[in-house]
Amino acid sequence: MQGRDGMRAADVDRQAVADRLRSAVDEGRLDLHEYDERLQQAYAARTYGELDALLADLPAPAGAAASALAVPDGSALAPTGGPTTPSWVPAVGARPVVARWLAEVWEPWLKVVPIVVAIWAVTSLMSRDALYFWPGWVAGPWGAVLLVRTVLGITSGEPARWADERERRRQRRREKRARRRERTAARRESRELPGESG
């Protein structure tokens, strides 16, 4: 392996390919089976060459060919899919997978702890004395468990698996809606047919 194709890909690169594959499914360029296979290969890919191969037969997204993309190291990548340029395009405005996963993991804690602290504060004010700070027993152990989960999850690649599973659920919902629409259209057609013959 030589040049850029042999360079190691980062999680953000794999996520960008996953986003492009999702767009290809939405556009009807890939079926679900092929999407699932390519998505698994994208998350298992180690190099840019392996990622580029997954998108080699897909055109660049609409509007992407007009400009070059800036990547975190400051260089620019032209999304033309040529032999020396990558064919993947990061999703514009997409939050990184890790940040979304962290928000999902910590959101309940961030909602509950202020509530219990507020309850403690109100009861302390009403008693006109600073009561024992019992919310520490809610925030401390729960926060410690979440901290361990966060560290272990990030080191084991849980955010990528979480994003993959979330995308699969989204795709299943889209398929279910499409089947429902097809059944509804078929029922309408079957109701209209007897009326046309009479």
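**Helix packing and a cavity**

Trainee: Which helix gives the most to the lining of the largest cavity?
Mentor: Helices here are DSSP runs (H or I, at least four residues) numbered from the N terminus. H1 (11–27), H2 (32–44) and H6 (158–197) each supply at least two residues of the lining of the largest cavity. With six residues, the one that gives the most is H6.

Trainee: What should I know about the model itself?
Mentor: It's a predicted model, where local features need pLDDT of at least 70 and side-chain atom pairs count only at pLDDT 80 or more, while totals for chains, interfaces and linings use all residues. Residues are numbered from 1 along each chain as its sequence is written, and side-chain values use heavy atoms, with hydrogens and water left out.

Trainee: What volume does the largest cavity have?
Mentor: A cavity is a set of points on a 1 Å grid over the protein atoms alone where a 1.4 Å probe fits but cannot get out, and lining residues have an atom within 4 Å of a point. The count comes to one cavity of 30 Å³ or more. Taken as the space filled by probe spheres set on the points, the volume of the largest cavity is about 100 Å³.

Trainee: How many charged residues are in the lining of the largest cavity?
Mentor: The lining has 13 residues, and Gln15, Arg22, Arg100, Ala163 and Glu167 lie nearest the centre of the cavity. Asp, Glu, Lys and Arg count as charged, Ala, Val, Leu, Ile, Met, Phe, Trp, Tyr, Cys and Pro as nonpolar, and the others as polar. Five lining residues are nonpolar and one is polar, and the charged ones number seven.

Trainee: Are H1 and H2 roughly parallel or roughly antiparallel?
Mentor: Their axes (lines fitted to C-alpha atoms over the stretch in contact, with angles from 0 to 180 degrees between N-to-C directions) come within 9 Å and cross at roughly 175 degrees. Angles over 145 degrees count as roughly antiparallel, those under 35 as roughly parallel. So H1 and H2 are roughly antiparallel.

Trainee: How many nonpolar residues are in the contact of H4 with H5?
Mentor: H4 (residues 97–127) and H5 (residues 135–156) pack at about 175 degrees, axes 10 Å apart, which makes H4 roughly antiparallel to H5. Trp101, Trp106 and Trp109 are among the H4 residues that meet H5. By class, the contact has three polar residues and one charged, and the nonpolar count is 19.

How values were computed:
On a 1 Å grid over the protein atoms alone, a cavity is a set of points where a 1.4 Å probe fits but cannot get out, and a pocket is an open set with protein on both sides within 12 Å along at least five of seven lines; lining residues have an atom within 4 Å of a point. Angles under 35 degrees count as roughly parallel, over 145 as roughly antiparallel, 65 to 115 as roughly perpendicular and the rest as oblique. Contact means heavy atoms within 4.5 Å.
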